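Hi,

Here is the structure I promised to pass on.

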Amino acid sequence: MEKIIIKLHKRSYPIIISDKLFNCFSSFWSLHAGDKVVLITNDRVAPIYLKILCNLLTHAGIITDQLILPDGEQNKTLITLNKIFTKLLTQNYDRNTILIALGGGVIGDITGFAAATYQRGIRFIQVPTTLLAQVDASIGGKTGVNHMLGKNMIGAFHQPNAVIINLDVLNTLTVKEFSSGLAEIIKYAVALDSDFFNWLESNLDDLLILNVPSLIYCIRRCCELKASIVSIDEYDQGIRSSLNLGHTYGHAIESYLNYTQWSHGEAVAAGIMIATNTAIRLKQLSYSAAARIKQLLMRAGLPIHGPKEMTPKNYLKYMTRDKKSTSGQLNLILPVSIGRVKTIFNVKHELVSLSIEDTYS
């Protein structure tokens with residue numbers, strides 16, 4: 001069992017990484033007999049893992065309840081959030097109640113936001129069931145829901161009590177879902193760690209066949225990188241913005257498609273490539289580094305451009321609403337070398353348009 005500690009100013013919490021974690025209650029060490037928990041999951045995950053986890057907790061004396069939500073990014077809305085509040089209020093759950101987010105990034109984000117706001121804050125535990133959630137979405141306390149005009153524009157910072165990463169769940173992912181997680185992994189390497197990027201180039205094939213030692217190293221390294229950033233900048237006021245490489249473009253894609261058709265990871269992958277082209281046009285990145293980034297994304301089965309029907313004007317409509325933009329000025333996280341990014345302020349709209357068009361050439 002691997003354990004990484006997120007060290008924060010007010011408190012810390014563990015990330016636990018291993019297999020067979022749903023067979024052992026010790027991984028849920030923060031729960032005690034008599035605790036009341038509500039497991040929040042979706043209709044895709046529930047048939048596979050909900051009964052197993054409920055039985056594990058019940059046998060340990062935990063009082064368990066459950067709520068099954070519809071699957072999909074398009075359901076990460078205030079309407080779905082209200083279903084959680086209705087459940088909690090109908091059953092008279094108080095501030096001692098603990099929510100468990102059993103699912104991917106959508107379930108983690110919406111459950112975390114419910115925990116942040118129900119009776120002004122209750123505890124919750126992340127149990128991510130996708131690779132993307134395991135390496136990124138479940139860690140760091142960003143919670144929220146989408147709006148038709150922008151992704152993650154309504155939310156709060158609310159840290160979990162623990163993140164429990166069970167490697168076994170990766171066996172039930174589709175190729176598309178697994179590749180989506182690889183996009184965030186590649187993001188970490190491009191933005192923060194050139195040695196990790198080199199490792200990915202050499203070991204990507206092992207990850208694709210779910211080689212356990214490779215998965216453990218890869219997930220642990222991503223968690224370590226995010227932990228180091230979050231511990232310095234919990235509320236995203238500075239260095240944490242480096243984790244948004246590719247996301248301004250990617251969120252525009254997701255918003256344009258109404259959070260359907262493309263996964264978050266696919267949109268981020270396209271966003272990383274567009275950001276790479278933007279960096280080249282600004283003479284911030286070498287062509288050789290850009291070629292390596294493109295090649296790794298393609299090997300991971302990820303897109304290197306956005307939807308063909310999406311015009312630069314479509315991107316800019318959403319990008320100017322991005323949380324990193326100010327007064328219509330585009331502030332973008334761009335790679336300047338493999339392993340390092342920086343924020344470029346007031347990037348011209350014309351240059352963004354050309355960078356988007358570059359991905360098709």
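This is a predicted model: local features need pLDDT of at least 70, side-chain atom pairs count only at pLDDT 80 or more; totals for chains, interfaces and linings use all residues.

Numbering runs from 1 along each chain as its sequence is written, and side-chain values use heavy atoms, without hydrogens and water.

The protein has twelve helices and eleven strands (DSSP runs numbered from the N terminus: H or I of at least four residues for helices, E of at least two for strands). Its radius of gyration is 20 Å, close to the 21 Å of the globule rule for 361 residues, so it is as compact as a globular protein of that length (taken over C-alpha atoms; the rule is 2.2 Å times the number of residues to the power 0.38).

Now the cores (buried Ala, Val, Leu, Ile, Met, Phe, Trp, Tyr and Cys joined through side-chain atoms within 4.5 Å). The largest nonpolar core holds 103 residues, and F196 and L200 touch the most other members. Helix 9 gives the most to this core, ten residues. There is also a second, separate core of 20 residues, with L69, L99, I110 and A114 among them.

On a 1 Å grid over the protein atoms alone, a cavity is where a 1.4 Å probe fits but cannot get out, and a pocket is an open set with protein on both sides within 12 Å along at least five of seven lines; lining residues have an atom within 4 Å of a point. Points are joined across faces, edges and corners, and volume is the space filled by probe spheres set on them.

There are three cavities of 30 Å³ or more. The largest is about 80 Å³, and helix 8 gives the largest share of its lining, four residues. The second largest cavity, about 50 Å³, takes three lining residues from helix 3 (residues 105–117), its main contributor. L69 and I110 are in that lining, and both also belong to the second core.

Helix 9 (264–281) and helix 10 (287–299) each supply at least two residues of its lining, which includes M273, R281, Y287 and K294.

Cheers

Conventions: Buried means under 20% relative accessible area, exposed over 50%, partly exposed in between (1.4 Å probe, protein chains only).
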